Amino acid sequence: MTVDQQRLGEVRARVAHWPFASVLVANRGEIAVRVLRTVQALGLKGIVVYHAADRGSPAVRMADAAVEITGATPVAAYLDAKQIIAAAKSSGAGAIHPGYGFLSENKAFCEAVEATGIRFIGPTPEQIDLMGDKVRARNFVEKAGFPVAPSAIEDDDPASFVERARKVGAPLLIKPSAGGGGKGMRIVRDLKLLESEIERARSEGQRYFGDGRLYVERYVESPRHIEVQVLGDGRGKVVHVFERECSVQRRFQKIVEETPSPALDDTQRREICETAAGIARSCSYRNAGTVEFIFGQNGEFYFLEMNTRLQVEHPVTEQITGLDLVLEQLCVAAGEKLPYQQTDIRAQGHSIEFRIYAEDPARGYTPTTGPVLVWQPAQGEGVRMDAGIVQGGEVTANFDPMLAKLIVTGSDRNDAIARADRALRDTVLLGCKTNTAFLRRLIAHPAFVAGDVHTGFLDANPQIAADPPLTQATLDKLLAVSSLMTRPMRDVADSVPDMHAAMDGWRN
Amino acid sequence: MHHAFKLEENEINVELSRARDGYRVHIGERVLPADLRTGADGRAWLTIDGTHHEIVVAARGDDVFVHVDGAAYQLRYQHPLDRLAASLHGAAEDSVRAPMPGSIVAVHIKTGESVTKGQVLLVMESMKMETTVTAPRDGVIQAVQYDKGQTFDRDALLLSFEPEVKA
Amino acid sequence: MKRIESRLNTSSAEFQANAAHNRGLAEAFKAKQHKARFDRPERDIERLENQNKMYVRERIQQLLDPGTPFLELSSLAANEAYDGEVPGAGCVTGIGIVSGREVVINAGDASVKGGAWYPLTVKKTIRALDIAIENRLPVVHLCDSAGGFLPLQADLFADKYYAGRIFRNQCILSKMGVQQVAVVLGHCTAGGAYVPGLSDYNVIVRGTGAIFLAGPPLVKAATGEENTVDELGGCDMHTSVSGVADYPASSEEEAIAIARDIVGQFKRPEKTRTEWQPPEDPYYDPSELYGVLPQDIKQQFDMHEVIARIVDGSRFHEYQPSYGKTLICGYAHIWGYKVGILANNGVLFNDSALKGAHFIELCNQNRTPIVFLQNITGFMVGREYERRGITKDGAKMIMAVSCSEVPKFTVMCHGSFGAGNYGMSGRAFDSRFLFSWPQSQISVMGAEQAANTLADVKIRQLQRQGKKLSQAEIDAIRDPVLGEFKRKQSAYWSTSEIWDDGILDPVDTRNALGISISAALNTPIADPRYGIFRM
């Protein structure tokens, strides 16, 4: 399904009346490009901030204006709210789109932005605050009558936390209250280790989030991660835009996301999607958001958390619905009402997103770095590549190792998988090792083909991550190419006089 | 066999020669005719042992990058003089290298400090996890290459020891 | 150039029989060669292994550029000497390609008597260095020798062409600006120390390599001083203290890699320009040479058939095709290089000798290297020929050959008897390279002839004393002479004595000549100048 051009045209006709004519993207990489694409398609001016490390990046090249920001580290620059707001002011931005990560779910930033009169393209500060704290979010959802997993919250009574955690029972999961993205999470299967694991999680939480508070909850064995995209206009209207299945994860981070989920039948789909919409509606949610659930092997599901931003994996939803989620975010931020009824949202086909990471799956998914000497993204029907890299650039350890997202859409899941294999095969990145070969092995695995995966799938099947032995034929090709491209070797061969070369290894 | 490439952890010997009708690659006991034509943007055509393959190639320094059979590979040329010298001088324990890219969280030692085997030298962060780097042997720290907060690539030299004095 | 029209019937019984016979001879040669190269007493192989040393042929293989040819010289030197205990004369010499440069390799073979120098070792080494001098080829010495073989010191030490000549040749090479690198892979003691010492560059292996005028036992005996090998002449001492050696290496592989890198720094010589065109394989299969050569040394065959199986495209421009037909003269190309060819097609008469002398002058005038293909029973004898001045005409040919300035190459294809050997540029006439085919023979006259002559002298002597000999007694005198003669006229004796640069399987001749001609063109060709041609 292609993006709804009619909707784009209608909105474009109105943007002259919007309260902002330019949007500053407070992010980098592929998401900055993604946001700028819609901003510019609407005829708005797209501005981006960038750290020197991103000077030649596609977002900077694409933006109508770019403002350099500085920091002790490149990441620190993108986390520096003051500098970014100053950049927005100096560039005359009327709105700020935070992307994902960085300041996207930072209440103080949201408040500071709105205090200057610039629109924050996202939820209200209160909604960020509510959903940003796992404990508060959980309590809110539970009170609203939606399912949550058994848990123990440290803040309730710090003195009895360990004891209450023990009561939740093994297996359990320790999470930093302020956390997200899998950082600092620890599974405890042996309660003897509970106290030491709590201490470790606390120190990581302290370091990552400046907040050592924790909570524990029942760990659902072999769970699926299913999330639901929602859209709210902040005036009470909320629709869901179907689910995404994000169960293929490594180190609690998503690698492959798809929609529709192969785990759900129509009844379950309706139930989980309406639950999500209900949760968002309970807080009169504004912006695109995602309600995440843990989905057990028996079909039970619990609220996990709500992300009050655009998700990395939003494109699969766009691909099967034709919606432009960034467009909808902009409309809501501009004060428009959601024009959709739930029944207007329809899906068709199957879409899968692959996160192309600079990492080496065979070495425990350790990040890799290197120059982007050649970058030839796959092309073809049903193939979308949202990339934040450019040929001639450099992959460094400065940022998250996600380089690009390959989104492949087909008429059904098998069709999408077949297209994905071709697209992954044809995606060329030379200079820095990526996980594309691993992704091909993953989608060839019978369990993936059957849609039978869970969040621990890759840990349980480490052979998928291991480099398969090279065939002699491939090795021969590699050695031949390398030899022919290496000057000292070629020089030796070329310096042999023609006659002697023609005699080859003759001996008398 | 003088020339070699490192592919992952393996060092593979290979030789290149030229015959009447083109190049020959010597792999073990086998000798294969090979030809490489490079075009724009890294696209290249490899002919090996009579079969043709469309591939993508790039090179930087001693590294050769090849996209072939649907996957990308990196091979690092090992110059015979370096390779043969290293195989015997081998003072690997005089240097501590980064097992993965990351950044320095804490440095616990100073240049000139004596350390004992197993002592924590520095703490690095990579993949959202902290890893401690410990001393591979007793010795004196000769140089520390990074300060807190700095980032480094895989195999970067993190710190070096004074060479061991042989009794 | 016109292609030679072969008249050979390759399906004839004669061809088939010849082919089987000569193939057998080639195989026997290869078998002898293999034995000389690889057949070693167990203990010698073990000793090398214990010392962590590579076998000399592995060293050479590592030294050479991959996929390039190596023309080994005199592989069966000394094989008929010293009871066959010093195969290849205990060293390996040859021409190969290192870092793209043509070089002479001179390598000691420590698996033979610890690499000790026998008289023929010295001769073979000197010959290799003479080749380097004549053809301006850089030299790589792979040194691993126990020193001179003391029991035979009188036969290798003092004379003009004994061991001192090796060092003299090294100095001459250096004076000529031809570079040398020595790799010290074992002990270089006494005279041997000068091989690295006189090289422009040298590399020494830590642990196994050492250089000293006298080893620890001799020093102790002489002065009472006690030393370890390393203290006295080891790698680190010489590369950091004495400056006798240049590059330290931790292993033989590294030492050889360094040597390759050093050769890679040598300037490339300007080749002498002679006529050249892109090479073409012979039209006729060189392996048919086996069927061309007769089984009997006395039997004639058409040398055109040999030429057709050696030269480019089997093409040949024949000079004076109808005059002096027992000596074929003409131009051809070998591996693209234009050559003049002189090939015997019978005994040398007055006209053929004059034709030969004239053709050699032509080649010198137009700077064309000459290839001699010998199958010669000698110059014609008898009253008529003496009256026509066969000696005078033969002298003209020998004068032309001797004073020739273009490089000469000789192949002993079959017989080489009498003064014909000289007229066709035998060993004494400074051919740059001289090779023999396995069945070829060299002697002052045929074996039967010689044995009969010798027996006759003896019989006449006895007759003068009044003795009459029975046939059995005559045979008893004649047979040992015949046997000894046959042994010493065989190619295996020649090659053992280093009267040639090695026996070749006939099919290898084209490549051997190609490498030889290419090497020879490193030296400029002077303008021709002759002595007095007796008119």
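These legends walk through several close-up views of a predicted model. In this predicted model, local features need pLDDT of at least 70 and side-chain atom pairs count only at pLDDT 80 or more, while totals for chains, interfaces and linings use all residues. Residues are numbered from 1 along each chain as its sequence is written, and chains are lettered from A and ligands numbered from 1 in the order in which they are written.

**View 1. Chain B meets chain A.** Here, 54 residues of chain B are in contact with 46 residues of chain A; contact means that the C-beta atoms of two residues, placed from the backbone, lie within 7 Å. On the chain B side, strand S7 (residues 51–60) gives the largest share, seven residues. Helices (H or I, at least four residues) and strands (E, at least two) are DSSP runs, numbered from the N terminus. Sorted by class, the chain B side that touches chain A holds 32 nonpolar, 13 polar and nine charged residues. For this sorting, Ala, Val, Leu, Ile, Met, Phe, Trp, Tyr, Cys and Pro count as nonpolar, Asp, Glu, Lys and Arg as charged, and the others, Gly among them, as polar.

**View 2. A nine-strand sheet in chain B.** Follow the strands of this open sheet in the order S2-S1-S9-S8-S7-S6-S5-S4-S3, with antiparallel pairing; two strands pair if DSSP finds at least two bridges between them. At the edges are strand S2 (10–13) and strand S3 (15–19) of chain B, each pairing on one side only. On average, neighbouring strands are turned by 35° against each other, direction ignored. Axes are lines fitted to C-alpha atoms, for helices over the stretch in contact, and angles run from 0 to 180 degrees between N-to-C directions. Helix H18 (residues 472–485) of chain A packs on this sheet, and its direction makes about 140° with that of S8(B). To see one pairing in detail, look for strand S1 (residues 4–7) and strand S9 (residues 71–78) of chain B, which run antiparallel and are joined by four bridges. There, B:Ala4 has B:Gln78 in S9(B) as its bridge partner.

**View 3. A four-strand sheet in chain B.** This open sheet has the order S14-S13-S11-S16, and its pairing is antiparallel. Strand S14 (129–134) and strand S16 (151–152) of chain B are the edge strands. Strand S11 (residues 102–107) of chain B is joined to S16(B) by two bridges, and the two run antiparallel. Opposite B:Ser103 you will find B:Thr151 in S16(B). Strands of a sheet pair through backbone hydrogen bonds, either parallel or antiparallel.

**View 4. A covered strand in chain A.** How many residues of strand S7 (residues 172–176) of chain A are buried? Five of its five residues are, where buried means that 20 or more other C-beta atoms lie within 10 Å of a residue's own, exposed means 12 or fewer, and partly exposed is in between, with C-beta atoms placed from the backbone. A:Leu172, A:Ile174 and A:Pro176 point one way from S7(A), while A:Leu173 and A:Lys175 point the other way. S7(A) pairs in the antiparallel sense with strand S8 (residues 186–188) of chain A over three bridges, and A:Leu172 stands opposite A:Val188 in S8(A). S7(A) also pairs in the antiparallel sense with strand S9 (residues 214–218) of chain A, over five bridges. In S9(A), A:Val216 is the bridge partner of A:Ile174.

**View 5. A glycine in the loop between S7 and S8 of chain A.** The loop between these strands holds A:Gly184. Why does A:Gly184 count as buried? Because A:Gly184 has 26 C-beta neighbours inside 10 Å. Its C-alpha atom and that of A:Ser90, 94 residues apart along the chain, are separated by 37 Å.

**View 6. Two helices cross in chain A.** The axes of helix H2 (residues 29–41) and helix H13 (residues 325–333) of chain A come within 9 Å and cross at roughly 65°. In this view, A:Arg34, A:Val35 and A:Thr38 in H2(A) meet A:Val326, A:Leu327 and A:Leu330 in H13(A). The residues of this contact divide into four nonpolar, one polar and one charged.

**View 7. Chain B meets chain C.** In this contact, 13 residues of chain B touch eleven residues of chain C. Helix H1 (80–89) of chain B is one of the elements that give two or more residues to the chain B side, and H1(B) gives the most, with six residues.
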